[in-house]
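Colleague: I have some questions about this fold. Please show it first.

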Amino acid sequence: MPPVQADPSPVTVRVSRWSPRVRWRLLPWWARVTLIWFGARALTTVFVLIFADGQLANAWTGAKPDLFAFSNLWDARWYQIIATGGYPSELPLDESGHVAENAWAFLPVFPAIVRGVTFLGVGWNVASVLVAVVAGLGAALVLHRLLSRFLEPDRAMFAIVLFAVAPVSPIMQFGYAESLGALLLATALLLLVERRYGWLVPVVAVWAFTRPGALAFALTLGLHFLVRWWRRRDDPFPPREQFLVVGVGLFAAVVGFAWPGVVWAVTGELSGYTETELAWRAGYVGHQELVPFTAWFQGGAWWADFVGLPAWVGMLVVGVLIAGFALLLVLPAVRRLGTDIRLWLASYGLYLLAVFFPQSSTFRIVMPMFPLVGALAVPRARWYRWSIVVVFLALQWVWLHICWAVSAYDWSPP
(Lines give C-alpha, C1' and ligand atoms only; values in the text may rest on other atoms or scores of the structure.)
Protein backbone atom coordinates (compact mmCIF):
# COMPACT_ATOMS: atom_id res chain seq x y z
CA MET A 1 0.00 0.00 0.00
CA PRO A 2 1.28 3.49 -0.73
CA PRO A 3 2.23 5.51 2.29
CA VAL A 4 -0.52 7.58 3.78
CA GLN A 5 -0.01 11.23 3.05
CA ALA A 6 -0.06 13.58 6.01
CA ASP A 7 -3.09 15.83 6.15
CA PRO A 8 -2.32 19.33 5.02
CA SER A 9 -2.31 21.96 7.69
CA PRO A 10 -5.58 23.85 8.33
CA VAL A 11 -4.01 27.01 6.90
CA THR A 12 -2.97 25.18 3.73
CA VAL A 13 -6.44 23.77 3.24
CA ARG A 14 -8.01 27.15 3.75
CA VAL A 15 -5.75 28.87 1.24
CA SER A 16 -6.10 26.13 -1.35
CA ARG A 17 -9.87 26.44 -1.25
CA TRP A 18 -9.93 30.20 -1.74
CA SER A 19 -11.44 31.04 -5.09
CA PRO A 20 -9.97 33.84 -7.20
CA ARG A 21 -13.06 35.88 -6.39
CA VAL A 22 -12.42 35.58 -2.65
CA ARG A 23 -8.76 36.46 -3.06
CA TRP A 24 -9.75 39.47 -5.13
CA ARG A 25 -12.16 40.72 -2.47
CA LEU A 26 -9.49 40.40 0.21
CA LEU A 27 -7.34 42.96 -1.56
CA PRO A 28 -7.65 46.55 -0.32
CA TRP A 29 -9.94 48.70 -2.47
CA TRP A 30 -7.05 50.83 -3.71
CA ALA A 31 -5.13 47.75 -4.84
CA ARG A 32 -8.13 46.51 -6.81
CA VAL A 33 -8.59 49.91 -8.44
CA THR A 34 -4.89 50.00 -9.33
CA LEU A 35 -4.97 46.51 -10.87
CA ILE A 36 -8.09 47.40 -12.86
CA TRP A 37 -6.50 50.60 -14.11
CA PHE A 38 -3.25 49.05 -15.28
CA GLY A 39 -5.01 45.99 -16.67
CA ALA A 40 -7.18 48.28 -18.80
CA ARG A 41 -4.15 50.29 -19.88
CA ALA A 42 -2.40 47.08 -20.92
CA LEU A 43 -5.35 46.13 -23.14
CA THR A 44 -5.45 49.60 -24.66
CA THR A 45 -1.69 49.47 -25.24
CA VAL A 46 -2.17 46.34 -27.36
CA PHE A 47 -4.66 48.26 -29.50
CA VAL A 48 -2.34 51.26 -29.72
CA LEU A 49 0.64 49.13 -30.79
CA ILE A 50 -1.43 47.55 -33.56
CA PHE A 51 -2.44 50.97 -34.88
CA ALA A 52 1.11 52.29 -34.52
CA ASP A 53 2.47 49.39 -36.56
CA GLY A 54 0.15 50.34 -39.41
CA GLN A 55 0.67 54.10 -39.10
CA LEU A 56 2.00 55.87 -42.21
CA ALA A 57 4.39 58.82 -42.08
CA ASN A 58 2.54 61.97 -41.07
CA ALA A 59 3.06 65.50 -39.79
CA TRP A 60 4.04 64.26 -36.31
CA THR A 61 5.89 60.97 -36.82
CA GLY A 62 7.50 58.74 -39.39
CA ALA A 63 5.99 55.45 -40.47
CA LYS A 64 5.52 52.81 -37.75
CA PRO A 65 6.29 55.08 -34.78
CA ASP A 66 7.04 53.61 -31.38
CA LEU A 67 4.40 53.52 -28.64
CA PHE A 68 5.36 56.84 -27.06
CA ALA A 69 5.67 58.78 -30.31
CA PHE A 70 2.28 57.46 -31.43
CA SER A 71 0.86 58.53 -28.08
CA ASN A 72 1.82 62.15 -28.77
CA LEU A 73 -0.03 62.95 -31.99
CA TRP A 74 -2.40 65.84 -32.70
CA ASP A 75 -2.81 68.39 -29.88
CA ALA A 76 -0.20 66.64 -27.74
CA ARG A 77 2.42 68.56 -29.72
CA TRP A 78 0.91 71.87 -28.66
CA TYR A 79 1.72 70.99 -25.05
CA GLN A 80 5.30 70.25 -26.04
CA ILE A 81 5.52 73.57 -27.87
CA ILE A 82 4.26 75.35 -24.75
CA ALA A 83 6.75 73.54 -22.52
CA THR A 84 9.73 74.35 -24.72
CA GLY A 85 8.84 77.73 -26.20
CA GLY A 86 6.01 79.16 -24.13
CA TYR A 87 3.09 81.14 -25.53
CA PRO A 88 3.30 83.67 -28.39
CA SER A 89 3.22 87.35 -27.42
CA GLU A 90 1.44 88.10 -30.70
CA LEU A 91 -1.48 86.09 -32.01
CA PRO A 92 -0.64 84.46 -35.37
CA LEU A 93 -2.90 85.35 -38.28
CA ASP A 94 -3.92 83.30 -41.29
CA GLU A 95 -3.92 84.49 -44.90
CA SER A 96 -7.29 86.18 -44.45
CA GLY A 97 -6.11 88.11 -41.39
CA HIS A 98 -8.03 86.07 -38.82
CA VAL A 99 -6.45 84.57 -35.72
CA ALA A 100 -5.01 81.16 -36.56
CA GLU A 101 -4.77 78.07 -34.37
CA ASN A 102 -2.15 78.63 -31.70
CA ALA A 103 -0.87 77.56 -28.29
CA TRP A 104 -3.16 79.89 -26.30
CA ALA A 105 -5.98 77.33 -26.72
CA PHE A 106 -4.13 75.02 -24.29
CA LEU A 107 -3.66 75.56 -20.58
CA PRO A 108 -0.26 75.48 -18.84
CA VAL A 109 -0.41 73.07 -15.88
CA PHE A 110 -0.01 69.81 -17.79
CA PRO A 111 2.98 70.93 -19.91
CA ALA A 112 4.60 72.42 -16.81
CA ILE A 113 4.35 69.10 -14.94
CA VAL A 114 5.62 67.09 -17.90
CA ARG A 115 8.53 69.47 -18.35
CA GLY A 116 9.39 68.96 -14.69
CA VAL A 117 9.54 65.20 -15.30
CA THR A 118 11.84 65.70 -18.29
CA PHE A 119 14.37 67.33 -15.97
CA LEU A 120 14.84 63.83 -14.53
CA GLY A 121 16.27 62.74 -17.85
CA VAL A 122 13.05 61.34 -19.34
CA GLY A 123 12.20 62.28 -22.91
CA TRP A 124 9.07 64.33 -23.58
CA ASN A 125 7.10 61.54 -25.26
CA VAL A 126 7.68 59.14 -22.37
CA ALA A 127 7.19 61.80 -19.68
CA SER A 128 3.84 62.96 -21.07
CA VAL A 129 2.52 59.40 -21.12
CA LEU A 130 3.77 58.71 -17.58
CA VAL A 131 2.10 61.85 -16.22
CA ALA A 132 -1.15 61.04 -18.03
CA VAL A 133 -1.26 57.43 -16.78
CA VAL A 134 -0.44 58.32 -13.17
CA ALA A 135 -3.00 61.15 -13.17
CA GLY A 136 -5.56 58.75 -14.62
CA LEU A 137 -4.89 56.28 -11.82
CA GLY A 138 -5.40 59.10 -9.33
CA ALA A 139 -8.70 59.95 -11.02
CA ALA A 140 -9.83 56.31 -10.77
CA LEU A 141 -8.95 56.15 -7.06
CA VAL A 142 -10.79 59.37 -6.23
CA LEU A 143 -13.75 58.42 -8.42
CA HIS A 144 -14.08 55.16 -6.49
CA ARG A 145 -14.25 57.06 -3.20
CA LEU A 146 -16.82 59.43 -4.72
CA LEU A 147 -19.10 56.71 -6.11
CA SER A 148 -18.76 54.66 -2.93
CA ARG A 149 -20.80 57.37 -1.24
CA PHE A 150 -23.79 56.31 -3.36
CA LEU A 151 -23.23 52.76 -4.61
CA GLU A 152 -22.63 49.39 -3.02
CA PRO A 153 -18.99 48.17 -3.10
CA ASP A 154 -19.36 45.84 -6.10
CA ARG A 155 -21.15 48.50 -8.13
CA ALA A 156 -18.61 51.18 -7.27
CA MET A 157 -15.78 48.85 -8.29
CA PHE A 158 -17.47 47.90 -11.55
CA ALA A 159 -17.92 51.61 -12.28
CA ILE A 160 -14.12 51.88 -12.13
CA VAL A 161 -13.86 49.04 -14.64
CA LEU A 162 -16.11 51.02 -16.99
CA PHE A 163 -14.12 54.22 -16.38
CA ALA A 164 -10.89 52.39 -17.18
CA VAL A 165 -12.12 50.77 -20.41
CA ALA A 166 -14.37 53.62 -21.61
CA PRO A 167 -14.37 54.31 -25.36
CA VAL A 168 -12.23 57.46 -24.96
CA SER A 169 -10.05 56.10 -22.14
CA PRO A 170 -7.01 55.81 -24.45
CA ILE A 171 -6.71 59.60 -24.18
CA MET A 172 -5.74 59.06 -20.53
CA GLN A 173 -2.52 57.37 -21.59
CA PHE A 174 -1.68 59.86 -24.33
CA GLY A 175 0.10 63.21 -24.07
CA TYR A 176 -3.09 65.11 -23.28
CA ALA A 177 -4.28 66.87 -20.12
CA GLU A 178 -7.58 64.96 -19.91
CA SER A 179 -6.52 62.54 -17.18
CA LEU A 180 -5.13 65.34 -15.03
CA GLY A 181 -8.36 67.27 -15.54
CA ALA A 182 -10.34 64.16 -14.55
CA LEU A 183 -8.31 63.85 -11.34
CA LEU A 184 -9.01 67.46 -10.39
CA LEU A 185 -12.71 67.21 -11.30
CA ALA A 186 -13.20 63.99 -9.33
CA THR A 187 -11.47 65.60 -6.36
CA ALA A 188 -13.66 68.71 -6.61
CA LEU A 189 -16.82 66.61 -6.75
CA LEU A 190 -15.73 64.52 -3.76
CA LEU A 191 -15.04 67.68 -1.75
CA LEU A 192 -18.41 69.12 -2.77
CA VAL A 193 -20.29 65.96 -1.80
CA GLU A 194 -18.48 65.90 1.55
CA ARG A 195 -19.11 69.66 1.95
CA ARG A 196 -15.45 70.50 2.49
CA TYR A 197 -15.92 73.77 0.66
CA GLY A 198 -12.73 75.50 1.68
CA TRP A 199 -10.54 72.82 0.11
CA LEU A 200 -12.21 73.49 -3.24
CA VAL A 201 -10.27 76.72 -3.62
CA PRO A 202 -6.83 75.23 -4.41
CA VAL A 203 -8.33 72.39 -6.43
CA VAL A 204 -10.44 74.67 -8.63
CA ALA A 205 -7.52 77.12 -8.98
CA VAL A 206 -5.29 74.40 -10.46
CA TRP A 207 -8.11 72.91 -12.50
CA ALA A 208 -8.87 76.28 -14.14
CA PHE A 209 -5.36 76.25 -15.65
CA THR A 210 -5.44 72.57 -16.61
CA ARG A 211 -8.65 71.98 -18.55
CA PRO A 212 -11.74 74.12 -19.22
CA GLY A 213 -14.63 73.49 -16.85
CA ALA A 214 -14.24 75.85 -13.89
CA LEU A 215 -17.09 78.02 -15.15
CA ALA A 216 -19.38 75.00 -15.29
CA PHE A 217 -18.34 74.13 -11.74
CA ALA A 218 -19.17 77.68 -10.65
CA LEU A 219 -22.68 77.05 -11.96
CA THR A 220 -22.73 73.74 -10.06
CA LEU A 221 -21.89 75.59 -6.84
CA GLY A 222 -24.65 78.10 -7.50
CA LEU A 223 -27.19 75.34 -8.00
CA HIS A 224 -25.82 73.53 -4.94
CA PHE A 225 -26.49 76.67 -2.89
CA LEU A 226 -30.07 76.86 -4.13
CA VAL A 227 -30.74 73.19 -3.38
CA ARG A 228 -29.30 73.42 0.11
CA TRP A 229 -31.25 76.62 0.77
CA TRP A 230 -34.47 74.95 -0.37
CA ARG A 231 -33.84 71.94 1.88
CA ARG A 232 -32.50 73.87 4.86
CA ARG A 233 -35.28 72.75 7.20
CA ASP A 234 -34.44 69.07 6.72
CA ASP A 235 -30.73 69.61 6.03
CA PRO A 236 -29.42 72.59 8.05
CA PHE A 237 -27.48 75.14 6.02
CA PRO A 238 -25.73 77.38 8.58
CA PRO A 239 -24.61 80.91 7.60
CA ARG A 240 -20.92 79.95 7.65
CA GLU A 241 -21.49 77.30 4.98
CA GLN A 242 -23.67 79.68 2.99
CA PHE A 243 -20.86 82.23 2.85
CA LEU A 244 -18.36 79.52 1.94
CA VAL A 245 -20.44 78.21 -0.95
CA VAL A 246 -21.05 81.71 -2.31
CA GLY A 247 -17.40 82.67 -1.91
CA VAL A 248 -16.04 79.53 -3.56
CA GLY A 249 -18.60 79.85 -6.34
CA LEU A 250 -17.50 83.41 -7.07
CA PHE A 251 -13.88 82.29 -6.92
CA ALA A 252 -14.58 79.52 -9.46
CA ALA A 253 -16.22 82.06 -11.77
CA VAL A 254 -13.23 84.42 -11.49
CA VAL A 255 -10.61 81.76 -12.19
CA GLY A 256 -12.83 80.40 -14.95
CA PHE A 257 -12.38 83.71 -16.76
CA ALA A 258 -8.74 84.10 -15.73
CA TRP A 259 -7.13 82.47 -18.76
CA PRO A 260 -8.86 84.75 -21.31
CA GLY A 261 -7.61 87.61 -19.10
CA VAL A 262 -4.05 86.26 -19.28
CA VAL A 263 -4.26 86.06 -23.07
CA TRP A 264 -5.49 89.66 -23.17
CA ALA A 265 -2.71 90.84 -20.86
CA VAL A 266 0.05 89.16 -22.88
CA THR A 267 -1.16 89.72 -26.44
CA GLY A 268 -3.09 92.96 -26.01
CA GLU A 269 -6.12 91.37 -27.71
CA LEU A 270 -9.26 91.51 -25.55
CA SER A 271 -10.91 88.64 -27.44
CA GLY A 272 -7.67 86.80 -28.15
CA TYR A 273 -8.65 83.59 -26.39
CA THR A 274 -12.14 83.48 -27.91
CA GLU A 275 -10.76 84.10 -31.41
CA THR A 276 -8.16 81.40 -30.86
CA GLU A 277 -10.83 78.88 -29.93
CA LEU A 278 -13.00 79.94 -32.87
CA ALA A 279 -10.09 79.21 -35.22
CA TRP A 280 -10.65 75.50 -34.63
CA ARG A 281 -14.19 75.64 -36.01
CA ALA A 282 -13.41 77.96 -38.93
CA GLY A 283 -12.76 74.98 -41.18
CA TYR A 284 -16.37 73.96 -40.69
CA VAL A 285 -18.41 77.16 -40.67
CA GLY A 286 -15.90 79.86 -41.52
CA HIS A 287 -14.87 82.75 -39.28
CA GLN A 288 -17.79 83.85 -37.14
CA GLU A 289 -18.44 85.56 -33.83
CA LEU A 290 -19.15 83.46 -30.77
CA VAL A 291 -22.91 83.46 -30.20
CA PRO A 292 -23.77 81.34 -27.15
CA PHE A 293 -26.14 78.38 -27.61
CA THR A 294 -25.93 78.40 -31.41
CA ALA A 295 -22.85 76.27 -32.16
CA TRP A 296 -24.52 72.88 -31.70
CA PHE A 297 -27.28 73.80 -34.14
CA GLN A 298 -24.69 75.11 -36.61
CA GLY A 299 -22.83 71.88 -36.19
CA GLY A 300 -25.97 69.83 -36.65
CA ALA A 301 -26.63 71.61 -39.93
CA TRP A 302 -23.02 71.12 -41.06
CA TRP A 303 -22.93 67.41 -40.26
CA ALA A 304 -26.29 66.86 -41.91
CA ASP A 305 -24.94 68.45 -45.08
CA PHE A 306 -21.74 66.38 -44.72
CA VAL A 307 -23.74 63.16 -44.98
CA GLY A 308 -26.13 64.53 -47.63
CA LEU A 309 -29.17 65.37 -45.48
CA PRO A 310 -31.12 68.64 -45.15
CA ALA A 311 -29.84 71.05 -42.50
CA TRP A 312 -33.07 70.86 -40.53
CA VAL A 313 -32.49 67.15 -39.92
CA GLY A 314 -29.21 67.89 -38.19
CA MET A 315 -30.76 70.61 -36.06
CA LEU A 316 -33.62 68.28 -35.16
CA VAL A 317 -31.08 65.67 -34.04
CA VAL A 318 -29.49 68.28 -31.77
CA GLY A 319 -32.89 69.02 -30.25
CA VAL A 320 -33.45 65.30 -29.64
CA LEU A 321 -30.00 65.02 -28.00
CA ILE A 322 -30.81 67.92 -25.67
CA ALA A 323 -34.15 66.37 -24.68
CA GLY A 324 -32.53 62.97 -24.26
CA PHE A 325 -29.84 64.39 -22.00
CA ALA A 326 -32.46 66.10 -19.84
CA LEU A 327 -34.33 62.81 -19.56
CA LEU A 328 -31.10 60.99 -18.69
CA LEU A 329 -30.62 63.15 -15.59
CA VAL A 330 -33.90 61.98 -14.05
CA LEU A 331 -33.46 58.25 -14.69
CA PRO A 332 -33.45 56.18 -11.47
CA ALA A 333 -29.90 54.89 -12.05
CA VAL A 334 -28.59 58.45 -12.44
CA ARG A 335 -30.58 59.70 -9.47
CA ARG A 336 -28.72 57.14 -7.35
CA LEU A 337 -25.56 59.21 -7.87
CA GLY A 338 -26.86 62.00 -5.67
CA THR A 339 -27.86 65.58 -6.26
CA ASP A 340 -24.40 67.14 -6.56
CA ILE A 341 -23.16 64.83 -9.30
CA ARG A 342 -26.34 65.43 -11.27
CA LEU A 343 -25.92 69.18 -10.80
CA TRP A 344 -22.43 68.88 -12.27
CA LEU A 345 -23.70 66.85 -15.23
CA ALA A 346 -26.40 69.43 -15.92
CA SER A 347 -23.98 72.34 -15.53
CA TYR A 348 -21.34 70.87 -17.81
CA GLY A 349 -23.96 69.92 -20.36
CA LEU A 350 -25.24 73.49 -20.37
CA TYR A 351 -21.67 74.79 -20.65
CA LEU A 352 -21.00 72.62 -23.71
CA LEU A 353 -24.29 73.65 -25.27
CA ALA A 354 -23.34 77.31 -24.81
CA VAL A 355 -19.81 77.33 -26.22
CA PHE A 356 -18.76 74.08 -27.91
CA PHE A 357 -18.98 73.26 -31.61
CA PRO A 358 -19.44 69.50 -32.21
CA GLN A 359 -16.54 68.12 -34.24
CA SER A 360 -13.93 65.38 -34.11
CA SER A 361 -12.97 66.21 -30.50
CA THR A 362 -16.53 65.86 -29.21
CA PHE A 363 -16.03 62.38 -27.77
CA ARG A 364 -13.18 63.43 -25.48
CA ILE A 365 -14.75 66.81 -24.69
CA VAL A 366 -17.74 65.06 -23.09
CA MET A 367 -15.37 62.94 -20.96
CA PRO A 368 -15.90 65.14 -17.83
CA MET A 369 -19.30 63.48 -17.61
CA PHE A 370 -17.47 60.31 -16.55
CA PRO A 371 -19.38 60.03 -13.21
CA LEU A 372 -22.17 58.55 -15.35
CA VAL A 373 -20.27 55.25 -15.27
CA GLY A 374 -21.79 54.91 -11.81
CA ALA A 375 -25.25 54.71 -13.36
CA LEU A 376 -24.07 52.20 -15.96
CA ALA A 377 -22.68 50.03 -13.15
CA VAL A 378 -26.03 49.59 -11.39
CA PRO A 379 -27.24 46.42 -13.19
CA ARG A 380 -25.62 43.34 -11.67
CA ALA A 381 -26.38 40.68 -14.32
CA ARG A 382 -23.17 39.00 -15.45
CA TRP A 383 -24.21 39.01 -19.09
CA TYR A 384 -24.77 42.76 -18.90
CA ARG A 385 -21.43 43.50 -17.27
CA TRP A 386 -19.42 41.38 -19.68
CA SER A 387 -21.34 42.78 -22.63
CA ILE A 388 -20.80 46.43 -21.76
CA VAL A 389 -17.08 45.85 -21.19
CA VAL A 390 -16.79 44.17 -24.61
CA VAL A 391 -18.77 46.98 -26.24
CA PHE A 392 -16.57 49.61 -24.60
CA LEU A 393 -13.39 47.87 -25.77
CA ALA A 394 -14.80 47.65 -29.29
CA LEU A 395 -15.62 51.37 -29.19
CA GLN A 396 -12.06 52.07 -28.05
CA TRP A 397 -10.90 50.47 -31.28
CA VAL A 398 -13.36 52.59 -33.27
CA TRP A 399 -12.25 55.78 -31.50
CA LEU A 400 -8.57 55.02 -32.16
CA HIS A 401 -9.39 54.40 -35.80
CA ILE A 402 -11.48 57.47 -36.55
CA CYS A 403 -10.10 60.02 -34.07
CA TRP A 404 -6.46 59.17 -33.36
CA ALA A 405 -4.60 57.20 -36.04
CA VAL A 406 -3.60 59.55 -38.88
CA SER A 407 -4.96 58.38 -42.22
CA ALA A 408 -4.42 59.66 -45.73
CA TYR A 409 -7.84 61.30 -45.53
CA ASP A 410 -8.76 63.42 -42.54
CA TRP A 411 -12.57 63.39 -42.29
CA SER A 412 -12.58 66.75 -40.45
CA PRO A 413 -11.97 69.96 -42.42
CA PRO A 414 -8.40 71.36 -42.54
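Colleague: How do α8 and α22 run relative to each other: roughly parallel or roughly antiparallel?

Modeller: This is a predicted model, where local features need pLDDT of at least 70, side-chain atom pairs count only at pLDDT 80 or more, and totals for chains, interfaces and linings use all residues. Residues are numbered from 1 along each chain as its sequence is written, and side-chain values use heavy atoms, leaving out hydrogens and water. The axes of α8 (residues 153-165) and α22 come within 9 Å and cross at roughly 20°. Angles under 35 degrees count as roughly parallel and over 145 as roughly antiparallel, with 65 to 115 roughly perpendicular and the rest oblique, so α8 and α22 are roughly parallel.

Colleague: Which helix gives the largest share of the nonpolar patch?

Modeller: The patch lies on the surface and includes Val-391 and Leu-395. Its members have over 30% relative accessible area and no salt bridge, and nonpolar side chains are joined within 5 Å. Four residues, the largest share, come from helix α22.

Colleague: Is Val-391 buried, partly exposed or exposed?

Modeller: Val-391 lies in helix α22. Buried means under 20% relative accessible area, exposed over 50%, and partly exposed in between (1.4 Å probe, protein chains only). The value for Val-391 is 44%, so Val-391 is partly exposed.

Colleague: Is Gly-314 buried or exposed?

Modeller: Gly-314 lies in helix α17 (residues 311-328). Its relative accessible area is 8%, so Gly-314 is buried.

Technical notes: Patch = residues over 30% accessible without salt bridge, like charges linked within 9 Å, V, L, I, M, F, W, Y side chains within 5 Å. Areas by Shrake-Rupley, 256 points an atom, 1.4 Å probe, with all protein chains shown as cover. Salt bridge = Lys/Arg side-chain N within 4 Å of Asp/Glu carboxyl O. Helix = DSSP H or I, 4+ residues; strand = E, 2+ residues; numbered from the N terminus. Axes fitted to C-alpha atoms, helices over the stretch in contact; angles between N-to-C directions.
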